[in-house]
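The following paragraphs guide a new reader through a protein model, moving from a single position to the chain as a whole. Please keep the sequence and the structure in view while reading.

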Amino acid sequence: MKKFTLFVLLFTLILTLTADRMSADNNLKPLPDGKPLFQASRPMARDNASGITWEMPFNPVAIHGSNYYDYMIAGYSNIPIRRQEDSVAGGGWFYNFMSKPSASGNRRVYYGWMDDNGPTTDPLLFTGVDQWEGYPSMDLDEAGHMIMSWHSIGADDVADVKVGYDPYFAGIPGIPSDAFMVMDNPTNTNGFDDNEFIWPGVQVGASPLGGGYNRAYIMAKNTVSHSVISETSGEAQAVENVYIAFADYTSDDIDFGLELTWNYTSIPTIDAWNVDTNEWRRPNYSFIIGEGENEGKIFYIGTHLGDLAPEEASFDVFIHDDYCNPETEWRTVSFDIEMPLANPQNANNEYLFMDDENNVPYDLHWDIVNSSHNNAAFDNMGRIHLPVTYCIVTSEDSYYYYFHNLKDMIFDPMNETLEIVDIFPQSLAEGEHYVPWDMDADGAYDAYWDDGTYDGVDDGITPDVEGYGNLKYDTIWPFQHWDSDSHEEAMFFNLNHLKMTYANDDNVMAALWLDSTAGRDFLGDNLTYWEPYQSTPEIYVAISGDNGETWTEPFAFSGVNVEEDFWFDDDGAYLGFTETHEYVPAWDGMTTMYAYPSEELIHIGTDDDGNEIYRLFIMFHDDDDWGSSVVGEGQAGPGQVLMNAIDFHIPASVSNDTNSQPVVNSMLQQNYPNPFSSTSTFEYDLKNSGDVSLKVYNIKGQLVRTLVDNHQTASMHQINWNGMSDSGDVVPSGIYFYKLEANGHTETRKMIKIK
C-alpha cells in the first residue's frame, strides 16, 4: 500500500433531521513533540505590491436576520451567487442559501435576486411545505431562467432531491415554479436499493437537440457506502459515488413551470469504488460542464484518497464527451501531483520531521489534503481551475497540518495537461513552488531563531528562548476555526472552504477562503500579540488579472480594528505578513463564517487614477459564536446571513487583456539577490528613450532612496543599491518596494533586506 490515509482513517456519512452533513473521525498525527508552533513565523512580510486598493460600495445587507443553522449555508462545492447575461435585466444576480429561522424549526431553502448594487428584494422560500431542506444549488441559462435544486426530507424520513425554477418572466423575479421530484430516494442503482443521493449540484448549458433547447444537469452524491468495513466503527467507509440527472427543456417549459423529463446516468469507476469491499477509495471532486470549445463535455475533477497502490496517481479528471448521454462512456485522465520535499535540519543538524518511534527522519512530499469543499471554475482560455490545499505528508500515512498552502490546479481540456500554480504563500523565486523554510528557492535555509532578542513574552514576534537555533519557517491556517481538535476532532475536514470565481471578460479572477492563523496564535498558543483576532476568522481574497497564471498576495478582511502602529516595532520596522490585514468597519463585532464569492467580478468603471474597478459580491454567515454547533463547537445561534460587496481598484498592469499569455513586466526585472543583505542589482529594459525614475519605498510608502531620475536611452540598464537611504543611513531589515516610471508606464516590485 502506498498510503492508507493522508488525513483521515475513517469517514462516515450521517443524515439526520438536525445535520445532514458529511462527517469524519480523525486520527491525525500531530506536529512532533518538541516542535511547538512558536518556532514558526509567517510568510515574508509585504505591503500591497500589486497596487490594488479596495472599498466597500454598500454596507452588508442582512438577507436573513435569524439563522440557527451555523454550518455550510450554501452547499459544499457550489457558487451560490449567479449572474444573468448582460442582455437580461442588465446583468442581475440570483442567489440562494439555507437557514434555520428558529431554534426548534426546520432548516429551509431560500433564494433572492439583486442588481449590481445589492439585494433589491427580500429572499423567498422556494416551497410552502415546512420540512427539512438544504444544500441548494443553482445555475442560470442565457434567457435568465434560474434552475435550482436542493434536497428535502419528507414524511418517510428519507431525503429526496427536488428541482424548481424561477423563470424571470417579463423581467420579474420571485415567481417560483412548483417543486418537482428528481431523485426519489432510496434509489436502486449499482446493485443496491438503499442508495440516498443528496447534496445536489446544478449546471445548465447547451443541449445536443439544438433549436432553442438547453440541458440541465443535476449531480448528487450518495450518503450510503457499500465499501470496506472500518475496524473502528463497524460501518462501511464513505465512498460518495454520484447519480446524474439530465433533462432538455425550452424557455416555454420553464416559463410555464412544466415538469421536465429526466434521464439518469453515473460514473462507473466511482460506482465500483462504492461497492469495493477489498480496497477503499474516496472521491473528492467538483462538477462543471464545458463551455465554448468544450461544449457538450462534462467534467468531474479533483482527488481521491484511501488504499492507494504504489505510484497510483490520485488527481483525476472524469470526462464525458457527449452531454452525459449514457451510450457514451466516461473516460479518466489522472495525474501524479505529489511534490518531493527535503526534510530540513536546524542549526544543530537535527531533522525537523522525525519518526520518533523509530528515531529516523521522515521521507516527505507535498500532497493535496483537506480539499473537499471547493468548486471548479473556467477561465477565458477554456481551462478549468480547482483551488486546493497542499500539505507536508510523510511516508507513514500522516501529514503536518501546520504547513498548509493553497494552490490552483489548472486543467487544460484541449491538450489534457495539468498546471499547478501557487496562490498563497508563494515562492519569492519565479517559477518555483513555495517551501516554508526556503522562500527564495536557493537551496539554503532562510533563517533560524538565533537573534538573541528574546524579551520574555511569547508575542508571536520573538520565540521562546528554547527556540533558539531551530529552523524558522512560514505557516498559515486556511480554515474557519482555530482549534485543530474541535468539531468532533474533524475540524480540517469539516471547515475547509475554498472558492474561486470564473474569469470575467477582462480575465480577472478571485480566490476566496477563510483563515484563522491570527486567532489560533492567540487562543491556541497564547501569543498575546494576536489578541485582537481572538473572536473571528478572516476572509482572504487573492486576485488574478491573467486567467489565474499569477495571483496577488491576499487581502485578509475582518471587523478587527487595530492601531496603525500595531504592524510596526519600536524602530518602525514592519511586523506584518504577506497578507494585508484589512479592517472593514461595517463588520465590527461580526464572526465571518462560510463566505461565498459571486460567480465573477463585474467591471464597474474606472477611477480617477485610471484603475479599473471590479466588484466582488460576498455572502457569509455572521455567527453568534466562533465555531459550529452542528459539528460540535460553538452556540446554535441566532446568527445572520449577509450579502456584501468589495470593489477592487486594479491597476492596468495587474490585469491582462489577452486570453493566451500571462502578465509579463516588459521593463523591470526582479532584483538580485533577493533577499539581500548589503547590495542588490536592478535591471530594466527601456524600449524607447525618455525620462526615467527608479525609486525605493519602505512598507509605509515613504521614499527611501532615489536611484534614477534622469533621461536615458533605449537599452538594458543596470544599477546597484547598497542599502543606504538618500540621507546616507543604512536602512533596517524589512520589506521594500522599488518603482520604475518610464515610457508612460509604471511597474512596481518588492524586495527583502535582511541582516
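Strands are DSSP runs of E with at least two residues, numbered from the N terminus. In this predicted model, strand 7 covers residues 93–99, and S99 lies in that strand.

Is S99 buried or exposed? With a relative accessible area of 0%, S99 is buried, because buried means under 20%.

Which residues surround S99? Apart from its neighbours within four places in sequence, S99 is in contact with H64, S66, N67, N106, R107, R108 and Y110. Two of these involve polar contacts between side chains: that of S99 meets the side chain of H64 at 3.0 Å, and the side chain of S99 also meets that of N67 at 3.1 Å.

Two cysteines may be considered next. C324 is buried, its relative accessible area being 0%, and C391 is likewise buried, with a value of 0%. The structure holds zero disulfides. A disulfide would be a covalent bond between the sulfur atoms of two cysteines.

The view may now widen to the whole chain. Five helices and 48 strands are found in it. Of its 755 residues, 61% count as buried. Among contacts between residues at least 6 apart in sequence, 65% join residues at least 24 apart. The chain exposes about 27400 Å², and carbon and sulfur atoms supply 44% of that area.

Definitions and conventions. Residues numbered from 1 in each chain as written. Predicted model: local features only at pLDDT ≥ 70, side-chain atom pairs only at ≥ 80, totals over all residues. Heavy atoms only, no water. Disulfide = S-S within 2.5 Å. Buried < 20%, exposed > 50% of the residue type's maximum accessible area, 1.4 Å probe, protein only. Helix = DSSP H or I, 4+ residues; strand = E, 2+ residues; numbered from the N terminus. Polar contact = N/O pair within 3.5 Å; in protein donor to acceptor, adjacent residues only side chain to side chain. Contact = heavy atoms within 4.5 Å. Areas by Shrake-Rupley, 256 points an atom, 1.4 Å probe, with all protein chains shown as cover.
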